Amino acid sequence: MKRRLRDIPWAVTMLVPSMALLAVWTVYPLVKAVQNGHLSCDSTGNRCTDAGWGQYKVVFLSNEFQHALLVSIKLALLTVPAGVVFGVGLAVLADKQLRAIGVFRTIFSSTVATSVAVASLVWFVLLQPQIGVLSDLFSGWFPVLKNPGLLNDHGTALSAVALSSIWANLGFTFIIVTAGLQSVPRELYESAYVDGAGSVRRFTDITLPMIMPSLLFVSIVLTTRALQSYGEIALLTGGGPNPQKSTTTIPYLIYGQNSIIHNNLQIKSAAAVLLFLISLVFAVVQFRGFEKRVHYGS
Amino acid sequence: MRRSSSRRSSSLFVLAALGLVAACSGGGSITNSGGTTTTAAAPGTGTPGTGAASTSAATTSTVPLDSLPGCPTDALASTTGTTTISFWHGMSGALNDELVKLTDAYNASQTKVKVKLVQGSYEQTADNYLQASQGNRPDLVQMPEYMVQSIIDTKSTVPVGKCIAASKFDTSAFLPSALAAYSTQGVQWSMPFNISNPVLFYNKKVFVAAGLDPNKPPQSLEELKADSQKIVSTGAAKYGIALESGFDSGGGWYVEQWFAKSEQFYLDGQNGRQARATKVLYNNQTGVDLLTYLQGLINDKLAVNVGDNSGSGYDNLLKMADAKEPAAMTINTSASLGPVLEVLKGGQFPQLTADDVGVGPMPGPDGKPGALIGGASLWVVNSGSDAKTAAAWDYLTYLVAAQQQSEWASTTGYIPVRTDATTLDPYKTTLATDPRFSVAFDQLKASPDAPTSAGPVVGPLREVRSVLATAVAAILNGADVKKSLDNAANQANALITDYNNRNG
């Protein structure tokens, strides 16, 4: 106990750098945003009046925010389950002791090293209706690729953005799930094999329960990323196609270059704080949903 | 117990999602939030044609020059040593390289002033400038044209008109419309620096195939339609023109251009230049006629709508290079001419080579010439230091001098802000070698001497464009023209009222 007390100054000293960074770059802006959210100011933020906390409610209930919330949720539903399934699939495929498996692992995880901007640019060029390779090759079967283009069609734009997003996040999911798989004790598989369990049974009864902590982590991160996605929207669709604004997510409503609240920092702050709360709700719900199934091992 | 738990969790996820949305259906526009009372009707619910702010009509006024900060342009003479000033700008890539080159030459040419460049995007520069305290602002700042009213409202700058007067600076060679773009209520607020305007790009080869004169692009909207009909009916190309609805192009900025070409105001208060604008006018007959015309081109399959032109901003130009279903023409900013020719010289598009590209003035109602300027201007910041103000002015006059404008225009593709720059090399040679580069300049020079030749100025200009772009997209997709414009006008007016309440 005494020893622990003596460690405190050291612990604090060690934590100061990261706590200072967190305080300056995360906590302070968050507090400031919460404050800003109930003000109404001129463009420079110098002359302000109190708009009341009701401003949060007005923003939340506004047509634009509700629309953006729906788009954000759709994007999460399109990207998270598919992202997890593909990530687990690839990880299971690569979890074999084969020759040159390292090459495949490198390829499968390579999108981690790809920035959102680069990934989006790649997909933008692939999907471009006039000069894109995909429209050249497949527009015979899928005319939408050419006219008006996957990213320009109200019905397909969000899915196209999701496709780019899933691809870009695949490497991350792959690495986390691979790490989870490697921590599964091999004896479990061996005894199941001896008991006559087939490969499907081994996957559902051993692999899945054992990698639950990884899956929980991956789905929470992917959901948060989906709710916060901005770069791919800005580069691929600009929130469009108009007039339906099919890909205007909450972050794009806030920061997008064609945002109609561009010069109103206070409304933008309120929307950003609401996005934080919504992400929090989703994370809590996912924790609850997974809770009983997550075994963190001994 | 052993069933797929990921399915279970995703169904929870769906429930949570639906709960969030279901708990709150209905509500006003986000633009109606804020503590200040706005009288605007939510879009779609308002009476068509009644603007939110129609009760507070704009009145003519001029700003008394005496009330604005002075410009002691001779302060530099009494300084000893070097005055260092900072210049925030939004030029990137090749544009940044050229600005650095010009600035290095300036710094090396004398010892009194040293300029430090701080580069960001237009948006970053604008946001940083607005949010910074006066002490943290630069001494000179470049702002895009849509920021004019916002910067005036910060009351943080020295109007360049005062510097022009104090130093007896000769502006006679400047394009009048370029100066007018940065002047309101009798005050010259900032100095045009890099300017561009929209021009017509067309495929000469298609014109020849359609039996049209490849050196006579359409001047009027009627000719544009007639030429398109000929192009489509002869099968020279699938479409006459590629239209788009980007907010800083076909969906917003071009509509402002067409209003100016019709000698019509886009905003009240004479485009916000005689008095603070309170509402948009684009849902009037001029706007309805124009958008009905564009919708007609689409309906008659003479034009193709390429959407919002998001991402690269080149979807409309690429439509001209489409191998299967090309368009013969499109409208794009003159600033893109250099990059477009550069790309086409690569030879990737056999159906459209660099030599095939023709450039004509932007077609307008009745073929009237003229254009509004795009690009950005230079603002002298009121730093409180006479020496810095004088230094900023000295550097500014260097950047807009004929020789520098000639160099700037020939490398960047912008149009020089003054006529005498076209008589100096290297720009003189550029024009002589390729007359396509002079189209935008000639078009601007031909702008009528009318108050409508200075474009709209209003605090939330960008947001107003964005709202209109949504309506234009709906119209190009077949929506009712008048109703769409009325809805957009209501929403735009709410934005303007809200801005004026906060900043007026």
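**Entry 1**

I looked up B:Asp366, which counts as exposed because 11 C-beta neighbours lie inside 10 Å. The rule I applied calls a residue buried if 20 or more other C-beta atoms lie within 10 Å of its own, exposed if 12 or fewer, and partly exposed in between, with C-beta atoms placed from the backbone. The model is predicted, so I note that local features need pLDDT of at least 70 and side-chain atom pairs count only at pLDDT 80 or more, while totals for chains, interfaces and linings use all residues. Residues are numbered from 1 along each chain as its sequence is written, and chains are lettered from A and ligands numbered from 1 in the order in which they are written.

I found B:Asp366 in the loop between β12 and β13 (374-381) of chain B. Helices (H or I, at least four residues) and strands (E, at least two) are DSSP runs, numbered from the N terminus. The phi of B:Asp366 is near 60°, a positive value in a residue other than glycine. I also looked up B:Gln185, whose phi is near 45° and likewise positive in a residue other than glycine. B:Gln185 is in the loop between β5 (183-184) and β6 (187-188) of chain B, and it counts as partly exposed because 19 C-beta neighbours lie inside 10 Å. I recorded these values because most residues other than glycine have a negative phi, and most peptide bonds are trans.

**Entry 2: two cis peptide bonds**

I then turned to peptide bonds in chain A. The bond from A:Gly240 to A:Pro241 is cis, with omega near 0°. The bond from A:Asn242 to A:Pro243 is also cis, with omega near 0°. I placed A:Pro241 in the loop between α11 (231-236) and α12 (250-255) of chain A; A:Pro243 is in the loop between α11 and α12 of chain A.

**Entry 3: chain A and its helix α7**

I noted 13 helices and two strands in chain A. Of its 298 residues, 43% count as buried. The C-alpha atoms of chain A fill a box of roughly 75 × 75 × 30 Å along the principal axes.

How far apart are the end C-alpha atoms of helix α7 (residues 157-182) of chain A? They are 37 Å apart, which agrees with the 38 Å that its 26 residues should span at 1.5 Å a residue. The expected span is 1.5 Å times one less than the number of residues. I also found that α7(A) bends by about 40° at A:Asn169, where the bend is the angle between axes fitted to the seven residues ending there and the seven starting there. In α7(A), 19 of the 26 residues are buried, so the helix is largely enclosed by the rest of the structure.

A:Phe172 is in helix α7 of chain A. With 18 C-beta neighbours inside 10 Å, A:Phe172 counts as partly exposed.

**Entry 4: strand β8 of chain B**

I examined strand β8 (residues 198-203) of chain B, in which six of six residues are buried. In a regular strand the side chains alternate between the two faces of the sheet. On one side of β8(B) I listed B:Pro198, B:Leu200 and B:Tyr202, and on the other B:Val199, B:Phe201 and B:Asn203, all buried.

Two strands pair if DSSP finds at least two bridges between them. Five bridges join β8(B) to strand β11 (residues 327-333) of chain B, and the two run antiparallel. B:Leu200 stands opposite B:Ile331 in β11(B). Five bridges also join β8(B) to strand β12 (residues 357-361) of chain B, again antiparallel. In β12(B), B:Gly360 is the bridge partner of B:Leu200, and B:Val357 stands opposite B:Asn203. Five of the five residues of β12(B) are buried, so this strand is largely enclosed by the rest of the structure.

**Entry 5: where chain B touches chain A**

Which helix gives the largest share of the side of chain B that touches chain A? I first noted that the contact takes 54 residues from chain B and 58 residues from chain A, two residues being in contact if their C-beta atoms, placed from the backbone, lie within 7 Å. The largest share of the chain B side, 12 residues, comes from α1(B). By class, the chain B side has 20 nonpolar, 24 polar and 10 charged residues. Ala, Val, Leu, Ile, Met, Phe, Trp, Tyr, Cys and Pro count as nonpolar, Asp, Glu, Lys and Arg as charged, and the others, Gly among them, as polar.
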